[in-house]
Protein chains: 2
Amino acid sequence: MVNSAGFGFELLQGGPEGPRRGLLHTPHGTVQTPCFAPVGTQATVKALTPRQLEEAGASLLLCNAFHLAARPGPELIKKAGGLHAFMGWKGPILTDSGGYQVFSLEGMRKTDDEGVTFRHPADGRLLRLDPVSVLRIQRDLGSDIAMVLDECPPAGAPAEIRERAHKRTLSWAAKALEAHLAWGGAERGQALFAICQGGTDPDLRREAARELSSMPFDGYALGGLSVGEPLEARLEILEAAIPLLPAGKVRYLMGVGTPLDFVEAVARGVDIFDCVTPTRNARNGQAFTSGGLVKIRNAEHAGSFLPLDPECDCYTCRNFTRAYLRHLDKCREILFPVLMSLHNVRFFLSLMERARDSIREGAFQDLRREIVKTWGES
Amino acid sequence: MVNSAGFGFELLQGGPEGPRRGLLHTPHGTVQTPCFAPVGTQATVKALTPRQLEEAGASLLLCNAFHLAARPGPELIKKAGGLHAFMGWKGPILTDSGGYQVFSLEGMRKTDDEGVTFRHPADGRLLRLDPVSVLRIQRDLGSDIAMVLDECPPAGAPAEIRERAHKRTLSWAAKALEAHLAWGGAERGQALFAICQGGTDPDLRREAARELSSMPFDGYALGGLSVGEPLEARLEILEAAIPLLPAGKVRYLMGVGTPLDFVEAVARGVDIFDCVTPTRNARNGQAFTSGGLVKIRNAEHAGSFLPLDPECDCYTCRNFTRAYLRHLDKCREILFPVLMSLHNVRFFLSLMERARDSIREGAFQDLRREIVKTWGES
């Protein structure tokens, strides 16, 4: 179940659909699933030290190969001893390939069947990525889990464009897998996950899930969601694709999203999440709490000596009041994003802890009801 | 030696001049002197959590009554239970009166013999401060040590202006002391320090030191230095004023400065320092190290896998390389000022630890020579 490099997924509870519990073993440690991976795009989870992340209960981080390839470049990170040494994070790291970033770029981009050419926004350099070069970058980064290059057509793209992107994504996945296996597969210390695309078309999604499942990837992701579609459309896609993925492999829902999304996706069999929501919203003054969203910039908090969340055990909630946080924000102090991010990341991680506990105790539906009540759009 | 509120200064070693070692007891704990107080102007040492400060060895923090009076206001901080509770710092806090800030303001300001009227830069409100109202604000803040209101004339002011400011500062000090004693003096849990002004005129400084020493303040500060004058002028002032201050009371050199300043001032009998240098320079990419100043933005550090300072024991130096810090700066990541500030504050605190140890061991001149060699302007 665990290979010689330390990689493997162990399904402890559940099956192809419905809430599951598992252990994702990696060369840098074991992750309990369902889990939330804080996002450290540029080799740093914004505003937080690795130690603060560890203390908040983070086990898996997500970094971005696309961004790191431009700055500081894969060569430097390789020379530093890999991403773990470079950023001082000893736990597991998953790197996104950057497909999503490339296809979100404004301006010059040319995609053909072999890869994609574009100007990097950081420095204007003309770059070319293909399914194998993207893997090579992630090999240099030395992440525990690499992602394939995928093509993500814009949300409203015509059927013909979507169909072509779908075919390319599948053919790129096959090429990536071929290279991955030629290099020794996950035994060399890095797993490779496929990405199931297809927009909000359940048939395309089903076809992608079926095709990719027939290839021996180490895990499976669902991409291109949480890009503006309504929650129901998102859940329809999960219900279409997830049952077709191999039950014994880990499933990762990319870039999603909110407490409500989490419980609904866990309810449908998702194991891993990542999202910038906790850190980005923190910087914008929004805290996720057991009582719902707290907008610290609202005047009502100016004289409040309550913590952000009286039920939270994070450093911020144990030591600081809403009045103090609001003061820091008013003064544009750096400590503001630090303390807010710390809380939000802890909130998301703690929600996942509760999800795991409730699955183990057969009480997941209670947690789901509670979250729907607090966070549901009704 | 220590009053019923816990305040008192205990001179362990040394006399009116020359290197000294002591214990400054306050209601919130004891500070070993010579000591460096990191600056938390707005009730936060920029970019650092109280816990990070504690771990870096900080014992005394400086906050600014002028800034806090405008934002969030003394009433709110009083309601929060005082500055310690508000900002989550359990150790001693010294509050500056804001004299320096008021007299550094561009634009509207009117000073008379009773006080000063000005527009606050944060919100444009017309404010009036006088020697007693400034104390009242600091009483609401609940700092362990309050500072008197002083008038700081600009560096190049004519003799007549300087003379008038000198007289006012002395008369304001007397008024402040009267109020302080009427409220119960340091026994009520807050000490009051006088500020010796007089620019770079040794005679004015001597007169101020003599006059203030005749009044029973709990401690004595030297203000209006490190405002552009050369080091020699600064040292001449220290040599003029310090021997006239009571040996048994603590001496505080305000807003100074650099490693070289520290050893030269300790050599002349200063006990307390504060300065924004470590945190401000950190944000500007400059690290203080045992080898001198490291400008992390310089290209030479791009591929350096050394820590900022191989001799430093701080979290930053134990976990991150110059290459990583430079990458964070390039990406404008919040973690950059956090890690840099952590290091610089630790460097200053550790220098003070070494100063105390070397005084105890009779080896201060060795430390002084080392610092002059590394940091001297020659």
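Helix 8 (residues 202-213) of chain A and helix 9 (residues 231-241) of chain A pack with their axes 8 Å apart, at an angle of about 35°. Axes are lines fitted to C-alpha atoms, for helices over the stretch in contact, and angles run from 0 to 180 degrees between N-to-C directions. Helices (H or I, at least four residues) and strands (E, at least two) are DSSP runs, numbered from the N terminus. The crossing of helix 8 of chain A and helix 9 of chain A is right-handed; in such a crossing the near helix is turned clockwise from the far one by less than a right angle.

On the side of helix 8 of chain A, the contact (C-beta atoms, placed from the backbone, within 7 Å) involves A:P202, A:R205, A:R206 and A:A209, which meet A:E236, A:I237, A:A240 and A:A241 in helix 9 of chain A.

This is a predicted model, in which local features need pLDDT of at least 70, side-chain atom pairs count only at pLDDT 80 or more, and totals for chains, interfaces and linings use all residues. Residues are numbered from 1 along each chain as its sequence is written, while chains are lettered from A and ligands numbered from 1 in the order in which they are written. Chain A has a mean pLDDT (the predictor's confidence in each residue, from 0 to 100) of 95, and 99% of its residues reach 70 or more. The model scores are ipTM 0.96 and pTM 0.97.

In chain B, eight strands form an open sheet with parallel pairing, in the order 4-14-13-12-11-10-6-5. Two strands pair if DSSP finds at least two bridges between them. Strand 4 (35-38) and strand 5 (61-64) of chain B are the edge strands, each pairing on one side only. Strand 5 of chain B pairs with strand 6 (residues 93-96) of chain B in the parallel sense over four bridges, and B:L62 stands opposite B:L94 in strand 6 of chain B. Helix 8 (residues 202-213) of chain B lies across strand 11 (191-196) and strand 12 (219-222) of chain B, and runs at about 155° to strand 11 of chain B.

Between the chains, 31 residues of chain B are in contact with 31 residues of chain A. Helix 13 of chain B gives the largest share of the side of chain B that touches chain A, five residues.

Notes: Contact = placed C-beta atoms within 7 Å.
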